[in-house]
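My notes follow, in the order I looked things up.

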Amino acid sequence: MTDIGKTYSQTNDWQGERWHELLELYFRSGLDRNKIKSLIDLGCGTGERTKECLKYFPALEKVIGIDAEESMLEVAKKKNCDPQIEYKNLPIEQVETLSPRIFDAILGNYSLHWVKDKEKMVEKINSLSHIGSAMLVGTCTKLPILLQAIDDELHSQLKIKEPSPFFYLNLSGWTKLFTKYGWHLTASHISKDQHTVARGEQFLSQWFASSSGKALYGKSPENLEKGFVEKLLKKLDKAFLNSQGEWQFIEETLLIVAERVK
Ligand SMILES: C[S@@+](CC[C@H](N)C(=O)[O-])C[C@H]1O[C@@H](n2cnc3c(N)ncnc32)[C@H](O)[C@@H]1O
């Protein structure tokens, strides 16, 4: 059985690279990093970003990382602990229960596209933020093409009835949402990046881990029928295999920095 936390902690380079781009965007946006004394990391995973916040926001006194997946938090507490960080098992959908805590910055790196009701989410974030709080979001504009191919195959071959658990917004969707709830986008960036991943079942485990099982509808790669996996790998090879024997595809990344103004 794939250990979600352990696998993710070894395979999150892509999310790490995008996070560094998000930080650069924040630094260029003109917002003052020295005003950030408290930060919440929504969907903190194994805590790599949560811990790095202490390095990049020198005035930070307190960081809370929340995640709904216990095995992610187990790794975070072991590998990325610090007296200033508190990790909590809490779904983003229940983040308002942290009230009356108030945060100077809210981070969601590759996690907010799992949240269906974005309006409720921002309303709840507002109960934990103040005018002048900063928001840093790293996400995609849609499910990347390789992952969409896996999802399509799961639905058609395994007759999965559940709708896809992905809730992406494009830049205009995020802008409308944030503006409605009093946030001003100070900077945003869209890039089309070439993403190369290890071919094969190994990648299915990686995708299973990074989505905390949601992507494969709770079916660990080891539980998928062999025939299904073989057929899926062949299909993915045909569409995405490069000359180095890896799968290669373009992923559109969306980075947003916003400030609460109302
Ligand atoms: C791709 S990982 C990103 C982790 C981390 N932010 C990073 O940059 O490496 C997505 C994380 O979001 C968490 N997640 C997804 N939906 C969530 C929800 N509704 N509430 C809390 N955590 C959630 C998953 O458990 C997973 O740890």
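**Core.** I began with the largest nonpolar core, which has 33 residues; L146, I150, L154, F203, W207 and W247 touch the most other members. A nonpolar core here is a set of buried Ala, Val, Leu, Ile, Met, Phe, Trp, Tyr and Cys residues joined through side-chain atoms within 4.5 Å. Buried means under 20% relative accessible area, exposed over 50%, and partly exposed in between, with a 1.4 Å probe and protein chains only. The largest share, six residues, comes from α9. Helices (H or I, at least four residues) and strands (E, at least two) are DSSP runs, numbered from the N terminus.

**Ground rules.** I am working from a predicted model, where local features need pLDDT of at least 70, side-chain atom pairs count only at pLDDT 80 or more, and totals for chains, interfaces and linings use all residues. Residues are numbered from 1 along each chain as its sequence is written, and side-chain values use heavy atoms, with hydrogens and water left out.

**Ligand site.** How many residues surround the ligand? I found 21, and the closest are Y8, R49, D67, S212 and K214; a residue counts as near if one of its heavy atoms lies within 4 Å. By class, this shell holds nine nonpolar, seven polar and five charged residues. For the classes, Ala, Val, Leu, Ile, Met, Phe, Trp, Tyr, Cys and Pro are nonpolar, Asp, Glu, Lys and Arg are charged, and the others, Gly among them, are polar.

Next I looked at backbone atoms facing nitrogen atoms of the ligand. A polar backbone atom of G43 is 2.8 Å from a ligand nitrogen, and a backbone N or O atom of N109 also lies 2.8 Å from one. For A68, the distance from a backbone N or O atom to a ligand nitrogen is 3.3 Å. Taken alone, the ligand exposes 600 Å², and the protein buries 97% of that. These areas come from the Shrake-Rupley method with a 1.4 Å probe; for residues, only the protein chains shown count as cover.

**Buried polar side chains.** S129 sits in strand β5 (residues 129-140) and is buried at 7% relative accessibility. Its side chain makes a polar contact of 2.9 Å with the side chain of R260. A polar contact is a pair of N or O atoms within 3.5 Å; within protein, one must be able to donate a hydrogen and the other to accept it, and residues adjacent in sequence count only if both atoms are side-chain atoms.
E153, in helix α6, is buried at 5%, and its side chain meets that of K235 in a polar contact of 3.0 Å.

Most residues other than glycine have a negative phi, and most peptide bonds are trans. Which peptide bond is cis? I found the one from S99 to P100, with omega near 15°. P100 is in the loop between β3 (85-89) and β4 (103-109).
Y110 has a positive phi, near 55°; this residue is in the loop between β4 and α5 (118-126) and is buried at 11%.
Y217 has a positive phi near 55°, lies in the loop between α8 and α9, and is buried at 11%.
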